[in-house]
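Me: I would like to go through this structure with you. Could we begin with its pockets and then turn to the sheets and the core?

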Amino acid sequence: MSRVSLFVVAFVALAAVAPASAQTFSADLSAIRQAAKSMPGALPLRVNVVKFAESRRTKNFAIKGAPREPSIQARTAYQIIYPDGAIMIDSGMDLQVHKFFGRGVEEPYFPAEEAKVERALSSAKAIVVTHEHGDHIAGVIRSPDFGKLAPKTTITRTQLQTLMTMPQMPEIKLSAEQGQRFNVVDYESTRPFAPGMALIKSSGHTPGSQMVYVVLQSGKEYVFAGDVAWHMDGVRQVTGKDAPWITEDEPNMAAELTWLNGLMRNEPNVAIVISHDEDQRLQYIRDRVLGDGFE
């Protein structure tokens, strides 16, 4: 895998440009629930989280108009525990990819926690990623065990296209041969993924972004929103990001934030999980919505 200097690419394209979609996001929670329960097999039991790194940015980058007060952006991965194994949502990243996001500033990275992510990826039955950015997929692409991880990693055709033609950084660019090793899917709106799990197309943050719905045996529901927002306040206020280094599909972002806000207000059983919200991560661990650490 090429190790092009991060300094060279630091300000070239921190995020893939998301062109305006032909169709604005919409989703039907009833259809999503039906899709998740259409897969035969036991439903999952619980959900765990690991934080393997942090970015230190003021809150106004995550929420347009917010104060320029210190804010921690957690870098996370999630483990969905079934009676017979686990499925991973997102895959962590190595130190080199982490440094890319610091843009020349040293930020916290936790090798012991990343090692937990690596072990969980190795033992997982399946892996799915919310989108094609390095902090979500580099743990598969740059792994020494890529040959074992890729065949059990499901990515969308759009994610694959981005990674092959317009990756966020050279370090995660896929060759045609590498791309053929993944389990590649394509769908219009919602797709069953595993018992109690469904994928939700949401191409606002990146062309290949998707949310992941999960329902447990207990009946507790989750929507893993990836980077639709970087902090739950973005969902509460239906307000997008203000980071100059990203370009998003604004109509889809507005529709996705509006949908999540509706879930927050009308579906108290649904936990909306924001990948980078450190405040939410800590609260969810305290409330036992998420388990702290992998099994």
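**Pocket, sheets and core**

Me: What does the lining of the second largest pocket have by class?
Reply: The lining of the second largest pocket has 6 nonpolar, 2 polar and 5 charged residues. Here Ala, Val, Leu, Ile, Met, Phe, Trp, Tyr, Cys and Pro count as nonpolar, Asp, Glu, Lys and Arg as charged, and the others, Gly among them, as polar. This is a predicted model, in which local features need pLDDT of at least 70 and side-chain atom pairs count only at pLDDT 80 or more, while totals for chains, interfaces and linings use all residues. Residues are numbered from 1 along each chain as its sequence is written, and side-chain values use heavy atoms, with hydrogens and water left out.

Me: What volume does the second largest pocket have, and which residues are closest to its centre?
Reply: Its volume is about 260 Å³. Of the 13 lining residues, Gly-240, Lys-241, Glu-248, Glu-250 and Met-253 are the closest to the centre. A pocket is an open set of points on a 1 Å grid over the protein atoms alone where a 1.4 Å probe fits, with protein on both sides within 12 Å along at least five of seven lines; lining residues have an atom within 4 Å of a point. The volume is the space filled by probe spheres set on the points, which are joined across faces, edges and corners.

Me: Changing topic: what is the strand order in the open sheet of 5 strands?
Reply: The order is S7-S8-S9-S10-S11, with mixed pairing. Strand S7 (190-194) and strand S11 (270-273) each have a single partner strand, so one side of each is left without a neighbour in the sheet. Strands are DSSP runs (E, at least two residues) and helices likewise (H or I, at least four), numbered from the N terminus; two strands pair if DSSP finds at least two bridges between them.

Me: In which sense do S10 and S11 pair?
Reply: Strand S10 (residues 221-224) and S11 pair in the parallel sense over 4 bridges. Phe-224 stands opposite Val-273 in S11.

Me: And the sheet of 7 strands, which are its edge strands?
Reply: That open sheet has the order S6-S5-S4-S3-S2-S1-S12, and its edge strands are S6 (183-185) and S12 (291-292). Within the mixed pairing, S3 (residues 85-89) and S4 (residues 126-128) run parallel, joined by 3 bridges. Met-88 stands opposite Ile-127 in S4.

Me: Where is Ala-254 found?
Reply: Ala-254 is found in helix H11 (residues 250-266).
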